[in-house]
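Good morning, and thank you for coming. I would like to take a few minutes to go through one structure, beginning with a single side chain and then widening the view.

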Amino acid sequence: MGMKAQIMTTEAPIRQAMLDAIPHLRAFAISLTGNITYADDLVQSALLRGLENLDKFQPGTSMQAWLFTILRNQFYTDLRRSRREVDDPEGVLAGKLAVMPAQGARLDFTDMQAALAHLSVEQREALLLVAAEGVSYEEAAQICGTNLGTIKSRINRARTRLAELLAINSEEDLGPDKLVRAALVMHSAS
Amino acid sequence: VHATPPNVLLSNPSEVEGPPVEDGSSTEPTLSPGVAAHLGDRLRAYYAHLMSDPIPDHLVRLLQALDGHEGADNDD
């Protein structure tokens with residue numbers, strides 16, 4: 001009854017879908033771990049495990065979401081085994097990227113990386129998937145193996161915490177944090 | 001009576017995950033729309049920079065397994 005799709009006819013779209021997923025997997029893994037070398041290891045093992053288990057991929061579903069799930073599960077396995085955690089507290093990461101953020105945006109970039117590292121892993125992954133990667137709440141819940149309410153709750157808490165950490169106040173309030181920040185930027189630029 | 005402090009007071013939020021909130025809005029603080037929008041913009045700008053980083057060749061080469069075997073072991 002045609003149970004199995006002909007592998008010959010699906011190779012090209014599958015290859016393209018995996019290729020298209022790589023920048024997303026990398027951005028997710030880097031922002032999740034704060035470590036490019038480790039992130040690339042995670043992407044590599046997700047791709048390899050994806051290739052090995054292609055027969056379990058359901059045609060018509062999202063290749064990217066499938067690979068995200070594999071990568072995320074590997075990350076949690078590593079965490080349980082070695083308690084490996086984000087290890088880029090000093091913002092070294094930006095200097096390891098092939099292209100560094102422009103001078104003006106660099107502080108924003110390193111601030112964001114440092115702030116993300118202060119979130120719990122559960123909050124961080126949920127926020128990254130929905131607010132940065134742009135997947136739906138439903139898809140994020142599937143990837144993270146939890147329910148919709150938990151995902152929404154984690155994102156809500158993550159947003160609140162991140163706004164605190166980055167000292168994002170309401171627009172009319174140019175608080176002392178921003179003034180100090182501005183002074184520091186001017187100082188470091190001179 | 002157990003006067004347990006709410007989760008928000010704990011220093012390490014990863015230690016305790018509160019019960020799932022069905023709509024995620026009733027009992028938790030919400031950001032003002034302006035702050036939420038600004039935060040979203042900054043998060044996306046950060047992520048966009050990571051997305052723009054060139055993909056290492058070795059990751060692309062992994063997918064050669066899907067191209068059949070011609071040229072796959074030609075690696076110099």
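This is a predicted model: local features need pLDDT of at least 70, side-chain atom pairs count only at pLDDT 80 or more; totals for chains, interfaces and linings use all residues.

Residues are numbered from 1 along each chain as its sequence is written, chains are lettered from A and ligands numbered from 1 in the order in which they are written, and side-chain values use heavy atoms, with hydrogens and water left out.

Ser31(A) is found in helix α1 of chain A, helices being DSSP runs of H or I of at least four residues, numbered from the N terminus. Is Ser31(A) buried or exposed? Ser31(A) is buried, at a relative accessible area of 1%, where buried means under 20% with a 1.4 Å probe and protein chains only. Setting aside residues up to four places away in sequence, Ser31(A) touches residues of both chains, including Leu116(A), Arg124(A), Tyr46(B) and Leu50(B); contact means heavy atoms within 4.5 Å.

Leu116(A) in turn is in contact with Leu162(A), Leu43(B) and Tyr46(B), among others. Leu116(A) is also one of the residues with the most contacts inside the largest nonpolar core, which has 66 residues. Such a core is a set of buried Ala, Val, Leu, Ile, Met, Phe, Trp, Tyr and Cys residues joined through side-chain atoms within 4.5 Å.

I turn now to the interface. There, 57 residues of chain A are in contact with 39 residues of chain B. The area buried between the two chains is about 4,400 Å², 66% of it from carbon and sulfur atoms; this is the accessible area (1.4 Å probe) lost on putting the parts together, summed over both.

How many salt bridges does the rule find across the interface? It finds two, counting a side-chain nitrogen of Lys or Arg within 4 Å of a carboxyl oxygen of Asp or Glu. Asp53(B) and Arg26(A) form a salt bridge at 3.1 Å, N to O.

How values were computed. Buried means under 20% relative accessible area, exposed over 50%, partly exposed in between (1.4 Å probe, protein chains only). Helices (H or I, at least four residues) and strands (E, at least two) are DSSP runs, numbered from the N terminus.
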